[in-house]
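Dear colleague,

Please find below the structure that I am handing over to you. My notes on it follow directly after.

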Amino acid sequence: QVQLVESGGGLVQAGGSLRLSCEASRRTFSTRAMGWFRQAPGKEREFVAAISWSGGSTTFADSVKGRFTISRDNAKNTVYLQMNSLKPGDTAVYYCAAGSGSRLWREYHYWGQGTQVTVSS
């Protein structure tokens with residue numbers, strides 16, 4: 001069964017940090033790029049970051065570039081999103097997904113249930 005499970009969300013003050021984790025079932029993780037997306041209330045789902053299967057290529061949205069990093073541990077079937085210098089505008093439900101590695105959510109076929117990140121001012 002294909003499964004992605006996110007963890008690590010929570011409430012943090014502006015300027016703080018959080019690390020999100022997404023553990024995948026082995027079948028999902030194998031040879032797939034992984035991405036993080038987020039969706040705030042009343043807004044469309046937006047791309048945050050993506051990483052290739054090998055981890056050698058990463059992509060970031062302009063809004064998080066320089067503040068967020070994405071990494072993966074293939075031995076643990078886990079992808080991480082390290083979020084630093086958080087801003088209230090980063091408040092959203094964050095989703096991990098397995099797919100093409102592009103910025104388009106439609107190109108990802110497997111999704112986690114999401115984890116809430118709330119940044120207070």
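Which residue in S5 is the bridge partner of Arg38? The partner is Glu46, and much of what follows concerns the surroundings of these two residues.

Please note that the model is predicted: local features need pLDDT of at least 70, side-chain atom pairs count only at pLDDT 80 or more, and totals for chains, interfaces and linings use all residues. Residues are numbered from 1 along each chain as its sequence is written, and side-chain values use heavy atoms, with hydrogens and water left out.

Strands and sheet

Strands here are DSSP runs (E, at least two residues), numbered from the N terminus. Two strands are taken as paired if DSSP finds at least two bridges between them.

An open sheet of 4 strands is arranged in the order S1-S3-S8-S7, and the pairing is antiparallel. At its edges lie strand S1 (4-7) and strand S7 (68-73), each of which pairs on one side only. From one strand to the next, the twist averages 15°, where axes are lines fitted to C-alpha atoms and angles run from 0 to 180 degrees between N-to-C directions. Within this sheet, strand S3 (residues 18-24) and strand S8 (residues 78-83) run antiparallel and are joined by 6 bridges. Arg19 has Gln82 in S8 as its bridge partner.

Strand S4 (residues 33-39) is joined to S5 by 5 bridges, again in the antiparallel sense. The hairpin of S4 and S5 has 6 residues between the strands, and Gly42 there takes a positive phi near 75°. On S5 there is also antiparallel pairing with strand S6 (residues 58-60), over 3 bridges; Ala49 has Phe60 in S6 as its bridge partner. The hairpin of S5 and S6 has 6 residues between the strands, with Gly55 in the turn at a positive phi of about 85°.

For accessibility, buried means under 20% relative accessible area, exposed over 50%, and partly exposed in between (1.4 Å probe, protein chains only). Strand S5 (residues 46-51) is largely enclosed by the rest of the structure, because 5 of its 6 residues are buried.

The salt-bridge network

A salt bridge is counted when a side-chain nitrogen of Lys or Arg lies within 4 Å of a carboxyl oxygen of Asp or Glu. The count by this rule is 4, and Arg38, Glu46, Arg67 and Asp90 are linked in a network of such bridges.

Arg38, in strand S4, forms a salt bridge with Glu46, the closest N and O atoms being 2.5 Å apart. Arg38 is buried at a relative accessible area of 5%, whereas Glu46 is partly exposed at 35%.

Arg38 also forms a salt bridge with Asp90, with the closest N and O atoms 2.9 Å apart. This pair links distant parts of the chain, 52 residues apart: Arg38 is in strand S4, and Asp90 is in the loop between S8 and strand S9 (92-99).

Asp90 in turn meets Arg67 in a salt bridge at 2.8 Å, N to O. Here, too, distant parts of the chain are linked, with Arg67 in the loop between S6 and S7 and Asp90 in the loop between S8 and S9, 23 residues apart. Arg67 is buried, with a relative accessible area of 11%, and Asp90 is buried at 2%.

Arg38 has a further polar contact of 2.9 Å, side chain to side chain, with Tyr94. A polar contact is a pair of N or O atoms within 3.5 Å; within protein, one must be able to donate a hydrogen and the other to accept it, and residues adjacent in sequence count only if both atoms are side-chain atoms.

The nonpolar core

A nonpolar core is a set of buried Ala, Val, Leu, Ile, Met, Phe, Trp, Tyr and Cys residues joined through side-chain atoms within 4.5 Å. The largest has 33 residues, and those with the most contacts inside it are Trp36, Leu81, Met83 and Tyr94. At least two residues of this core come from each of S3, S4, S5, S7, S8, S9 and strand S11 (115-120).

Backbone points to inspect

Most residues other than glycine have a negative phi. Asn77, in the loop between S7 and S8, has a positive phi near 55° and is buried at 17% relative accessibility. Ser85, in the loop between S8 and S9, has a positive phi near 50° and is partly exposed, with a relative accessible area of 40%.

Yours sincerely
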